[in-house]
Amino acid sequence: MTTSPRLLRIDAEPFAFACEAERTALVLIDMQRDFIEPGGFGETLGNDVSLLAKIVPACQALLAAWREAGGLVVHTREAHRPDLADCPPAKRNRGNPRLRIGDAGPMGRILVAGEPGSQIIDALAPVDGEIVLDKPGKGAFYATGLQARLQERGIRWLLFAGVTTEVCVQTSMREANDRGYDCLLLEDCTESYFPQFKAATLEMVRAQGGIVGWTAPSTALLAALGAAGPATLPAAARAA
Ligand code: TIU
C-alpha cells in the first residue's frame, strides 16, 4: 500500500510555499558556539554575539516540531580541517581579526572541526539519524557532498534557519536555489550581527516573485504542520 505524501501549505511571502513533508529537509546553518558564544569566530571579527542568541527558542520549537513530523534535519557547522588544508589564506587573513582561523581561543582553535567552538549549541544538538556536515565555505553545498545526500533521499524542498542571515544562510540558499530546490527562509529562526542586513536579506530573497525563495515566520510552518493533508501539488512541482 502506498501512502499519500503530506502536503504542507505554508503562508509565506511572496506567496504560499507548498511542499511535501517527506521530500523536504530542514537545514540549520552553523548554530555553533563559534558564532553564538563569546570567544569564538564571530566575536574575533568584532561582532556583538549576544544578538544571535535570541533566535534559539524559536529554533528549538521549529526543530522539535519538524522532528515530531518525521522530517529530515541537516545541521551544518562552519569548520576547517585541523591542518587548515581546506582554508584558503585569503579566508584566514580576511579582515585582520584578533584571532585567525586555527588560532587557539577560549573555546579551542577558532573554526576548526572537533574543537569546542565548532560544536552546535546544546539547545539544538543533533540526534541520531540527522545529517551533520562540516563546511569549509560559507555555502552548505561547497565541498560537503550535501547535494548527493539530499538527492539520494529525494529531497526537493528546503527550509532554512540559522546564522548569519546574510552570510552563510543566504549563500547556502542561493546555492540551493541554483540546484533546483525551492527554499523557504524562516524569518524568526535566522539572525545577523547587523539587523539591517537581516532585513535586507529577507527582502531580497523574496523580491521579484521569489527570485531566491520564500520567507515566512516559523509559526506559519507550525500551523501548516498541524493542518498537513494528502498531497495535491501540481504534477510539475511533484515530479521535479
Ligand atoms: N561573519 C558572519 O556573519 N558569518 C560567518 O562568517 N559565517 C556564517 O554566517 N556562518
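Okay, let's start with a pair: L8 has C19 as its bridge partner in β2. Before I go on, this is a predicted model, where local features need pLDDT of at least 70, side-chain atom pairs count only at pLDDT 80 or more, and totals for chains, interfaces and linings use all residues. Residues are numbered from 1 along each chain as its sequence is written, and side-chain values use heavy atoms, with hydrogens and water left out.

Back to those strands. β1 covers residues 6-10 and β2 residues 17-20; they run antiparallel, joined by four bridges. To count as a pair, two strands need at least two bridges in DSSP. A hairpin of six residues connects β1 to β2. By the way, helices (H or I, at least four residues) and strands (E, at least two) are DSSP runs, numbered from the N terminus.

Next, H80. You'll find H80 in the loop between β4 (72-78) and α4 (89-93). Is H80 buried or exposed? Buried, because its relative accessibility is 1%, and the cut-off for buried is under 20%, with exposed over 50% and partly exposed in between (1.4 Å probe, protein chains only). Beyond its neighbours within four places in sequence, H80 is in contact (heavy atoms within 4.5 Å) with residues including D86, I101, L111 and P136.

Last, two helices. α3 (residues 56-68) and α8 (residues 218-226) have axes that come within 10 Å and cross at roughly 20°; axes are lines fitted to C-alpha atoms, for helices over the stretch in contact, and angles run from 0 to 180 degrees between N-to-C directions. So α3 is roughly parallel to α8, a label for angles under 35 degrees, while over 145 is roughly antiparallel, 65 to 115 roughly perpendicular and the rest oblique. Where they meet, A61, L62, A65 and W66 in α3 face L221, L222 and L225 in α8.
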